[in-house]
Amino acid sequence: MTASAGATIEAVVDTVEIVADQVVSLVLRRTDGQPFQPWQPGAHIDVHVGDGLVRQYSLCSSPEELDHLRIGVLHVPDSRGGSKAVHALLAGTRLTISEPRNNFPLRDSRRYLFIAGGIGITPLMPMMEAADRAGREWTLIYGGRSRKTMAFAQQLEDRYGADRVRIVAEDEVGRLDLDGILGMPRAHMLVYACGPGGMLGAIEERCMGWPPGALHTERFVASSLGAGAANEPFEVELARTGTTVTVPNDKTILEAVEEVGVRVLSSCRGGLCGTCETQIISGEPEHRDAVLTEEDKEAGEVMLVCVSRAAAGCPRLVLDL
Amino acid sequence: MTATTHEANVLGDDPFETANLLDPYPFLAKLRDAGAVSYLEATGSYAVAGYEEVYEVLTDFETYISSGGLGPRDIRQDSGWRPPSILESDPPIHTVMRRALTGVINPGTVRALREPFTPPAIELTEQLAQRDRFDAITDLAEKYPLRVFPDAVGIPDEGREHLLPYGNMVFNAFGPENYIFKQAFAHGDEHAAAVMRNCERENLNDTGFGARIWDRVADGLITEQQATLLVRALLSAGVDTTIFGIGNTLSVLARYPEAWARLRENPKLAKFAVDEALRLESPFQKFHRTVAVDTVLGGVHLPAGAKVLVFVGAANRDPRKWGDNADDFDLDRSASGHVAFGMGLHQCVGQPIARLEMEIVLQELLQRVAAIEPDGAPVPILHNVLRGFESLPVRITPA
């Protein structure tokens, strides 16, 4: 794609730390010594890991400290090379990254339930810090195969206490009891979950009994065109209106379309309610909503324009708008 | 929430008095003027009329519980007229039932209904477009949902005539046991028995929502009784409300010819018109919740056990939320955030189906009718909690 696709930053690996079996934590600083742009909990960065590979990693440092960014990376044996390349990085290595971007923002609420599966703990860490600072009621349930595979588990337990941080290691107590954890919805409680697809699917099914919009998830996804570069600008042709709109990387389709005066019925504007569902006439979307089923997402006939975008490598979507 | 509390203003007006049911809006304005939360002597309950406060009651399902029933009596103390529905339950009982319903009725399953739902709308509107006048309620609004919705649930043809009278019972029971309630319950046992029969698995076909709900019994999520109650909930909540939604939308559009003309030019706006009409003329106007623990709402102390009467219809016209023209239909307004379908945990599960039906009917009518105007005064229906019309005569110009 073109060079206009999101500014990149030159960074250097400051420290490398093994934080659990197969998990490294990298602290990154800018080579020019400048602070990073402010970011919010849930944000990630693109890391250009070489050979044209771009991978996204959630930030697990504090948004209060902008002199560095920290990411945690699980080495996935069958991965397409991203985590392997990251695991090969040494302190002092230079690499190209993006500014922090956020597809998993923390909405303000009175209570939170955080559910992490394995390396899915990373985006939740700044969220817990923010919830704690704001004096919100919150709990973390953190599941993993065993304690030694669970990055930051001890650190979180020490910092927040075992009443707020529940470590559920499978080799000690079995898997997460999701029926028990999610069987009793609480008023004004949002659920933020990040982890493997199977776990998130099971959480989604149970949260169908919660108020609509209570659940927010982040999947480690790769669309068929490859993960990573989906924050490129792209074009949307509005078939009914007869105009074409460019969607820049910092705007949603909904925002871009509304700016040219075309109305789209929407409600939550966060991929939660399904009101803005729009027919796709051509092009491949990258779905980022929590409404469409996996079958719907596969079929690619409709998308939620408040959050979803064109898939990487798809420069143009034609929508029934 | 405000830290200081004040005594609730006490109102002598009765929201269930005939005049206030036939034309609720002067009363609702008076209610809002009395305060976001006030006390109604006539019913012994607290009235919640401000948008923000209604939203709070709907979203704080721990403080304002549903297991006390949606009517004026606390059915935890004094059992109701039927086994409690999903609407009359709290977590965790509510949770599994809601999971079962949401798994069955969601954007994907509802999208598939557009195809079977469209031809009956074409047929009905083609017939009506050949006449110069018709009754938008009896000739259209009442006909269409009864044509398509029972098929979507998968019930037999036999016994469908009981759906409307049963829905009338269910919703009127959210108000007091007045003469309207008694009329609705006149042949109550017969209607209830007929509807319950259609909720049994053996009486449902294999393709509808009903059978899909029963599938969840097989996988252990819900009990047979819960499956029956969920099918009952669909049948009782899915017909009247949509009829009123279609009727109310047309009642508004008949009064706003310029809006009709704009919709004809740009039929894409039909969804917005329906949403704004639902805000302005909300079919489900009010229902009760029960206060579970002492709390403060809108500065008023509410004791545990008290009943609050939630005025959705007042919230949807609250000028503090919608501005000074809250009582007007404005096609350019974003009605997003209205509470006509409720909000939060108990938010209408059938909402996408209702929206689909309303949109299809309106789209098909727009194609065939160039102009629509009132042809005499509409006759509002006398109902404890629903707002709608018995008759809405209109005159049309065919397209």
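Predicted model: local features only at pLDDT ≥ 70, side-chain atom pairs only at ≥ 80, totals over all residues.

Entry 1. I then looked up the contact and found 31 residues from chain B and 31 residues from chain A in it. The two chains bury about 2,500 Å² between them, and 54% of that is on carbon and sulfur atoms. I wrote down R99(B), R111(B) and K268(B), which supply 26% of the area that chain B buries against chain A, more than any other three residues.

Entry 2. I looked for charged pairs and got 9 salt bridges across the interface of chain B and chain A. One of them joins R111(B) to D296(A), with the closest N and O atoms 3.2 Å apart. For polar contacts across the interface I listed 12 residue pairs. On the side of chain B that touches chain A, helices 3, 4, 5 and 16 of chain B each supply at least two residues. Helix 4 of chain B gives the largest share, 6 residues. I sorted the residues of that side into 9 nonpolar, 9 polar and 13 charged.

Entry 3. I checked the backbone of chain B and found a cis peptide bond from P91(B) to P92(B), with omega near 5 degrees. P92(B) sits in the loop between strand 4 and helix 4 of chain B.

Entry 4. Q22(A) has phi near 70 degrees and lies in the loop between strand 1 and strand 2. F152(A) has phi near 65 degrees and is in the loop between strand 9 and helix 3 of chain A. Is F152(A) buried or exposed? I noted it as buried, because its relative accessible area is 4%, under the 20% cut-off. Q22(A) is partly exposed, at 46%.

Conventions
Residues numbered from 1 in each chain as written. Chains lettered and ligands numbered in written order. Heavy atoms only, no water. Contact = heavy atoms within 4.5 Å. Buried area = accessible area lost by both parts, 1.4 Å probe. Salt bridge = Lys/Arg side-chain N within 4 Å of Asp/Glu carboxyl O. Polar contact = N/O pair within 3.5 Å; in protein donor to acceptor, adjacent residues only side chain to side chain. Helix = DSSP H or I, 4+ residues; strand = E, 2+ residues; numbered from the N terminus. Nonpolar A, V, L, I, M, F, W, Y, C, P; charged D, E, K, R; others polar. Buried < 20%, exposed > 50% of the residue type's maximum accessible area, 1.4 Å probe, protein only.
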